[in-house]
Amino acid sequence: PSQAQMAQLSGLYQQGRFADVVQVAKHLLQAYPDTVALWSFLGAGSTQIGKTALAVKAYRQATQLAPQDAGLHFNFGVALADDGAPEPALLAYQKAIRLKPDHVNAHNNRGNIFQDLGQLDAALEAYQTVTRLQPGHLGALNNTGNVFKAMQDHTAARDTYLRVLET
């Protein structure tokens, strides 16, 4: 695609015209099916308008075309989680982490899924990785407190919540 076509897509996205992003990306993909950025725009636009199955398809294609892109694997994980597929989402987040070990959001989202699945030890480990990488990450600190609370470790939960308030 031309620079002008890509700029148009970017502009539509920045304006919040996500349905238009999806339409334009689909049209351009007919002529340029191997363009990672178009698949990424399709995934991002689809996510924004709640078309999770289309987002999954788009990000799956993008990760196949650019398997070394941690950000695409992360976005694929988000789409999978949004589409109700937590186990495949965990695998996508793990690929993102393998490519970029300090990917804070991938670690945090893994913790969220583990917590939702009731795998509290794994959730705690993921959240602690986040706070080790980014000590002031309020979401991970709060989630750590929630995990301690679910584990009935009220002292650790209280101490963690106090850290949130101090941050």
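Is Arg110 buried or exposed at 17% relative accessibility? In this predicted model, Arg110 counts as buried, a term that stands for under 20% relative accessible area, with exposed meaning over 50% and partly exposed lying in between (1.4 Å probe, protein chains only). Residues are numbered from 1 along each chain as its sequence is written, and side-chain values use heavy atoms, leaving out hydrogens and water. As the model is predicted, local features need pLDDT of at least 70 and side-chain atom pairs count only at pLDDT 80 or more, while totals for chains, interfaces and linings use all residues.

Arg110 belongs to helix H7, which covers residues 104-116; helices here are DSSP runs (H or I) of at least four residues, numbered from the N terminus. When neighbours within four places in sequence are set aside, the contacts of Arg110 (heavy atoms within 4.5 Å) are Leu90, Tyr93, Gln94, Ile97 and Ala126. Glu125 lies 15 residues from Arg110 in sequence, and the C-alpha atoms of Arg110 and Glu125 are 9.7 Å apart in space.

The nonpolar interior comes next. In soluble globular proteins, nonpolar side chains tend to be buried together.

Charged pairs complete the picture. Side chains of opposite charge can pair when their charged atoms come close. The structure holds 3 salt bridges, each defined by a side-chain nitrogen of Lys or Arg within 4 Å of a carboxyl oxygen of Asp or Glu. One of them links Asp20 to Arg17, with the closest N and O atoms 2.9 Å apart. Asp20 is partly exposed at 26% relative accessible area, and Arg17 is partly exposed at 40%. Another salt bridge joins Asp159 and Arg158, where the closest N and O atoms are 3.0 Å apart; Asp159 is partly exposed at 37%, as is Arg158 at 47%. Asp102 pairs with Lys100, and here the closest N and O atoms are separated by 3.5 Å. Asp102 has a relative accessible area of 43% and is partly exposed, while Lys100 counts as partly exposed at 37%.

Terms used: Helices (H or I, at least four residues) and strands (E, at least two) are DSSP runs, numbered from the N terminus.
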